[in-house]
Amino acid sequence: MIRLLLLVLAFFLAALPAQAERVVSSVSNTAISISSSFDGETLTMFGNIEPELGTGLPIRGPYHVVIVVEGPLSDRVTRLKTNNFGIWMNTVQVDFNAMPTYFQVLSDAKLREITSPVVISEEKLLPEYQAKAAIETGWWDSVVFANQTVRLLTEQGSFGVREDGVQFLSNTFYSAQLSLPANIPNGAFIARTYVFKDGEIIARKSDGFTVRKSGFERFVGQSATQYPLLYGLVCVVLALFTGWLGGVVFKR
């Protein structure tokens, strides 16, 4: 019986992969502050592919790296305008639930050269898959409205795919730079790193960073959210005072 158990154990040990990799990654800035003079920032993401702890085995490539940067989730509505008797009207609308407000994909090669379409779809590595997953309506709406919504967000700079955005500085060390626009949404962001070998994901890691307003802009934003009634009254008082002051000045 003991010999049988030893044989079974030896069989499973032989079936294990000869090597296991992990990725050690980070971002250049984990807290991005937005002030009145903020006009964007360049974020650097870098990492190294190393042997799994405790194995001590050499690792062998070649490897591919895909980095997905996803912003805070939000509900969105996309409407279709049609011309009815010379009048443009919103006739159809589709709701997107928990859709990323920001989604950028960076890779060191074309995605379809790195892995199969099945893996790309399962991991939602393209903006189109993120948009389709946020729609709960029929197939036609998920195709038409998702593609058009992605197109609009791409034109705004919120969505995008750069298949030359990751550079390998050695066989295992990589780096990528992402230009964050001035209109980047506030909230928590996550950068997911996928390491591919022979079309399969062999390692992955997530790194987070935050984008938030600072200074007077942060005070105004927090006041409007936490004390909406008081904020509205102050705005009304300021508007009345500004109007009165303008009347006095121009009257003279």
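Two strands count as paired here if DSSP finds at least two bridges between them. Strands (E, at least two residues) and helices (H or I, at least four) are DSSP runs, numbered from the N terminus. This is a predicted model, in which local features need pLDDT of at least 70 and side-chain atom pairs count only at pLDDT 80 or more, while totals for chains, interfaces and linings use all residues. Residues are numbered from 1 along each chain as its sequence is written, and side-chain values use heavy atoms, with hydrogens and water left out.

**View 1. Strand 2 runs parallel to strand 12.** Four bridges join strand 2 to strand 12 (residues 200-213). Look for I32, whose bridge partner in strand 12 is V211.

View 2. Strand 1 and strand 3 (residues 41-51) pair in the antiparallel sense over seven bridges. R22 stands opposite E50 in strand 3.

**View 3. The protein has seven helices and 12 strands.** Of its 252 residues, 32% are buried (under 20% relative accessible area, 1.4 Å probe, protein chains only). Take the contacts (heavy atoms within 4.5 Å) between residues at least 6 apart in sequence: 69% of them join residues at least 24 apart.

Note on methods:
Buried means under 20% relative accessible area, exposed over 50%, partly exposed in between (1.4 Å probe, protein chains only).
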